[in-house]
Amino acid sequence: MAHRNLQLGGYALLAVLAFAAPELLGGSGVVYGAAVLIAIFAVTSYGLDIIVSDLGEVSLAHTLFFGAGAYATALLSSRGGVTSSWLTLLGAIVVGLALAGVIGLVTLRLREFVFSLVTYAVAVVGMTLAANWSFLGGSDGLRGIPTLDLSLPGLRLVAGDDRALWPYAFALLLVVIYLVARFRRSALGAAAVMSHLNPRLATMSGIDPARVRLQVFLLSAPVSAAGGWLYAYQRAYVSADVLENYFLILMLTAVVLVGRRQLLGPVIAVALVLTQEKFFSLGGDIDKIVLGAVLVAVLAFLPAGLASLVRPLAARLRPARATTATAAPTSTLNPLEHTK
């Protein structure tokens with residue numbers, strides 16, 4: 001219990017420091033803008049993370065869910081006259097779920113390379129439609145998106161700039177991290193990992209891998225769509241470029257850079273990438289080349305991510321802990337209490 005309380009305290013302190021980071025780093029509009037984008041793309045990447053890390057599949061269609069969330073928000077707020085951002089969030093989630101249901105059913109029996117190829121084809125079709133369909137604004141996109149308005153009866157919550165948007169972006173990120181942590185401790189999370197590592201054993205255990213894959217796919221889509229929802233308000237403009245390959249590469253890098261199944265991995269990875277692009281940019285095209293090169297290098301030389309560089313140090317510390325545990329007398333007391 002003491003260890004758990006200490007762990008929770010550490011997480012709380014980390015959250016407070018992360019929330020205060022933009023102000024500690026100068027508090028300029030550029031810093032707050034970067035912080036909001038880091039939160040948005042980390043949220044979006046968590047949707048892909050549970051597909052890649054837990055289900056063992058590589059979905060190349062998650063830019064479609066990100067874009068769907070952004071487009072649903074833009075259409076409802078600019079053309080539909082919806083002023084409440086709670087309702088546009090609901091719309092973004094519903095559209096994301098609907099798309100995930102269709103794609104999930106189509107790809108239900110597909111795996112690995114074929115699954116990735118089909119999901120990529122779907123993303124290409126989505127981008128083509130967005131760029132050419134007048135209902136979605138075509139090449140001009142959709143403009144006139146109002147500011148974020150999460151007001152409740154008796155409580156006005158409006159964000160007109162990045163500084164005001166940061167608390168809501170940070171809150172969304174915390175909610176998503178919590179949901180991902182809960183998922184990985186749930187029966188569905190365990191079933192997803194088993195279906196990935198040993199489908200035959202999963203089937204013998206009464207698990208239907210196809211059904212689990214569909215459920216996880218349906219869970220992941222609203223997460224990425226929520227990122228698109230907030231991106232639409234932050235940018236106040238949505239066009240087909242939200243479906244570009246850049247966002248897909250960013251999401252994939254966020255998943256693998258630190259290491260798969262690392263709870264804070266996507267946040268750290270997105271922060272590293274966007275910090276380089278926003279504050280140490282080498283030029284738009286060169287930054288994209290750098291991002292692609294980083295993804296290739298990690299997959300080729302560090303398939304377990306940057307976290308694998310820390311493991312040797314952890315391995316050196318384990319023997320000392322094991323020796324201490326062996327030398328301690330057997331007792332039902334907490335070992336820390338026994339040494340006092």
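Q: Which helix does Ser224 lie in?
A: Ser224 is part of helix H9, residues 209–235; helices are DSSP runs of H or I with at least four residues, numbered from the N terminus. This is a predicted model, in which local features need pLDDT of at least 70, side-chain atom pairs count only at pLDDT 80 or more, and totals for chains, interfaces and linings use all residues. Residues are numbered from 1 along each chain as its sequence is written, and side-chain values use heavy atoms, with hydrogens and water left out.

Q: Is Ser224 buried or exposed?
A: Ser224 counts as buried because its relative accessibility is 0%; buried means under 20% relative accessible area, with a 1.4 Å probe and protein chains only.

Q: What does Ser224 touch?
A: Leaving out residues up to four places away in sequence, Ser224 touches Thr44, Gly47, Leu48, His62, Phe65, Phe66 and Met251. Contact means heavy atoms within 4.5 Å.

Q: Now the largest nonpolar core: which residues have the most contacts inside it?
A: Phe41 and Trp229 do, in a core of 84 residues. Such a core is a set of buried Ala, Val, Leu, Ile, Met, Phe, Trp, Tyr and Cys residues joined through side-chain atoms within 4.5 Å.

Q: Which helix gives the largest share of this core?
A: Helix H2, residues 29–54, with 15 residues.

Q: How do H10 and H11 cross?
A: The axes of H10 (residues 245–256) and H11 (residues 265–279) come within 8 Å and cross at roughly 130°; axes are lines fitted to C-alpha atoms over the stretch in contact, with angles from 0 to 180 degrees between N-to-C directions.

Note on methods:
Buried means under 20% relative accessible area, exposed over 50%, partly exposed in between (1.4 Å probe, protein chains only). Helices (H or I, at least four residues) and strands (E, at least two) are DSSP runs, numbered from the N terminus.
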